[in-house]
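Trainee: Could we go through this model together, one question at a time?

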Amino acid sequence: AVSLPLLALLALLCCGGPGAAGQRRKEMVLSEKVNQLMEWASKRSVIRMNGDKFRRLVKAPPRNYSVIVMFTALQPHRQCVVCKQADEEYQILANSWRYSSAFTNKIFFAMVDFDEGSDVFQMLNMNSAPTFITFPAKGKPKRGDTYELQVRGFAAEQLARWVADRTDVHIRVIRPPNYAGPLMLGLLLAVIGGLVYLRGSNLDFLYNKTGWAFAALCFVLAMTSGQMWNHIRGPPYAHKNPHTGQVSYIHGSSQAQFVAETHIVLLFNGGVTLGMVLLHEAATSDMDVGKRKIMCVAGIGLVVLFFSWLLSVFRSKYHGYPYRWVTA
């Protein structure tokens with residue numbers, strides 16, 4: 001006769017043992033998670049999550065997919081302008097992935113709004129928004145899985161490079177058509193065409209050196225202030241400290257900048273340039289001596305004041321810079 005313990009052992013071997021049962025249950029739970037996320041992603045590229053969804057689908061194992069999560073505060077009473085700007089770029093990135101031919105269930109894009117998941121912010125000890133974090137398929141997020149927003153900006157192209165670094169998933173960003181550029185170009189051509197038509201008999205204005213010099217100066221000031229960097233990186237306009245409420249318009253690092261910072265630098269460079277123009281006019285014009293002296297004093301004052309402010313900005317970004325002029 002076969003003993004009962006031996007029969008039990010044979011039954012376990014036939015069924016695969018408790019390990020096999022646990023593995024089947026794990027695969028079933030994982031399949032349910034993936035199916036749920038795929039269903040939501042088919043309706044909306046960025047999946048909105050509250051605390052329960054986040055803990056079940058992002059934090060809790062098993063998981064064989066990565067989740068890019070944007071922690072934000074989009075409600076109007078939060079007055080987070082940067083959150084809205086970052087959300088627009090994040091939506092562009094998620095849509096580019098969702099509607100690409102390479103779309104798979106390897107990664108998903110999600111969002112946790114503070115007013116819908118404040119418990120998640122507390123769980124992660126998070127006190128600022130927006131913040132982007134990659135939750136990898138295996139293990140916990142590492143230091144590089146938190147996006148350096150202040151350094152890299154929130155442009156969809158920059159986010160795509162970061163996602164590729166963290167997940168090996170390369171996303172080709174496809175932006176919706178923007179007709180503002182062609183419209184402005186058409187308007188400019190229309191204005192030029194209208195001027196040529198109205199003044200067809202007198203085109204001397206096209207040879208006006210002052211007009212071309214002013215246009216060239218505006219272009220140079222825009223480029224030297226960092227407008228092209230803003231266009232490429234898409235940085236926030238400014239930064240508001242969530243603890244003190246203080247707004248910073250100058251970035252504290254030499255590797256990044258805010259949009260407001262470029263406007264400030266453009267203004268300072270313009271002030272220095274105006275001072276140099278006044279000095280040149282004072283030295284070369286045919287006006288009486290009194291007016292030329294006034295122009296000379298005004299020019300020197302503008303150069304000293306605005307150049308001193310430029311040095312102050314430089315010192316705030318390059319800590320330890322030993323030189324200053326007039327102001328700290």
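Trainee: Which residue in S3 is the bridge partner of Phe71?

Mentor: This is a predicted model, in which local features need pLDDT of at least 70, side-chain atom pairs count only at pLDDT 80 or more, and totals for chains, interfaces and linings use all residues. Residues are numbered from 1 along each chain as its sequence is written, and side-chain values use heavy atoms, with hydrogens and water left out. Strands here are DSSP runs of type E with at least two residues, helices are H or I runs of at least four, and both are numbered from the N terminus. Strand S2 (residues 66-72) and strand S3 (residues 107-113) run parallel and are joined by 7 bridges, and in S3 the partner of Phe71 is Val112.

Trainee: In what order do the 4 strands of the open sheet lie?

Mentor: Two strands pair if DSSP finds at least two bridges between them. The edge positions, where a strand pairs on one side only, belong to S1 (46-48) and S4 (131-135). The pairing in this open sheet is mixed, and the order is S1-S3-S2-S4.

Trainee: What angle does the direction of helix H4 make with that of S3?

Mentor: Contact means heavy atoms within 4.5 Å, and axes are lines fitted to C-alpha atoms, for helices over the stretch in contact, with angles running from 0 to 180 degrees between N-to-C directions. Helix H4 (residues 81-98) packs on the sheet, where it touches S1, S2, S3 and S4, and its direction makes with that of S3 an angle of about 160°.

Trainee: Which residue forms a salt bridge with Glu89?

Mentor: A salt bridge is a side-chain nitrogen of Lys or Arg within 4 Å of a carboxyl oxygen of Asp or Glu. Glu89 lies in helix H4 and its partner in the loop between H7 and H8, so the pair ties together parts that are 86 residues apart in sequence. The closest N and O atoms are 2.6 Å apart, and the partner is Arg175.

Trainee: Is Glu89 buried or exposed?

Mentor: Buried means under 20% relative accessible area, exposed over 50%, and partly exposed in between, with a 1.4 Å probe and protein chains only. Because its relative accessibility is 14%, Glu89 counts as buried.

Trainee: How many residues apart are Glu116 and Arg48?

Mentor: Their side chains meet in a salt bridge, 3.0 Å from N to O. Glu116 is in the loop between S3 and helix H5 (118-123) and Arg48 is in strand S1, so that distant parts of the chain are linked, and the separation is 68 residues.
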